[in-house]
Amino acid sequence: MPERHDESPTERVADPDAEGWIDWAHHLPSPNQDARPPDTRIDLLVIHNISLPPGEFGGHWIQDLFLNRLDPDAHPYFAPIARIRVSSHLLIRRDGSLIQFVPCERRAWHAGISSYEGRERCNDYSIGIELEGADLTPFEDLQYRTLADCTRWILARYPAITLERIAGHSDIAPGRKTDPGAAFDWRRYLDLCR
Ligand SMILES: [Zn+2]
């Protein structure tokens, strides 16, 4: 997909690896991030899907949303969401390309009101990955490949996250969220990560 020419250049931090930037991802730092609570053990991975407008793929709207520059007039769906402050650590587009908005050591704002094993505020201790997609549309082979690649990177860096500690947004916010949806093939994904 063509990308806008006004994207922020990749931000250079003092030690990108220490902050948890994946070096092979395209880096677009989001303002929607903050510090995790002190001494947080990062021990959960959350899988999502998103498309903007819903069911349409290939635009720059998701990254615009995560960068707080979604044009509220560009589509009727955008006006009520344009000022919502959200982000994820990672976004995997339909072509398998990987964009990182928040370094993994910091807290991205992806889960909202959520609970895992009785522990609330999943943003505090999780890493969030968005797949460009919709609940009932099969994801692309290249997306599974990139998802497995970055999952292996995450598991190697954060050993408290195991294959058993990967959840869907629908698992941590049941009744409120449905993603990644029925079209997401969990077995295929987890097999690719082994
Ligand atoms: Zn979600």
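Student: At roughly what angle do the axes of helix 3 and helix 5 cross, and within what distance do they come?

Tutor: Two packed helices are described by the angle between their axes and the distance between the axes. Here, in a predicted model, local features need pLDDT of at least 70, side-chain atom pairs count only at pLDDT 80 or more, and totals for chains, interfaces and linings use all residues. Residues are numbered from 1 along each chain as its sequence is written. The axes of helix 3 (residues 141-157) and helix 5 (residues 186-193) come within 9 Å and cross at roughly 50°. Helices are DSSP runs of H or I with at least four residues, strands are E runs of at least two, and both are numbered from the N terminus. Axes are lines fitted to C-alpha atoms, for helices over the stretch in contact, with angles from 0 to 180 degrees between N-to-C directions.

Student: Which residues make the contact?

Tutor: Helix 3 brings Y144, L147, A148, T151 and R152, while helix 5 brings R188, Y189, L192 and C193. Contact means that C-beta atoms, placed from the backbone, lie within 7 Å.

Student: Where are the cis peptide bonds?

Tutor: Most residues other than glycine have a negative phi, and most peptide bonds are trans. In this model, a cis bond joins L52 and P53, with omega about -15°. P53 sits in the loop between strand 3 and helix 2. Another cis bond joins D179 and P180, with omega about 10°.

Student: What is the phi of D39 near?

Tutor: Phi of D39 is near 60°, a positive value in a residue other than glycine. D39 belongs to the loop between strand 2 (33-34) and strand 3.

Notes. Contact = placed C-beta atoms within 7 Å.
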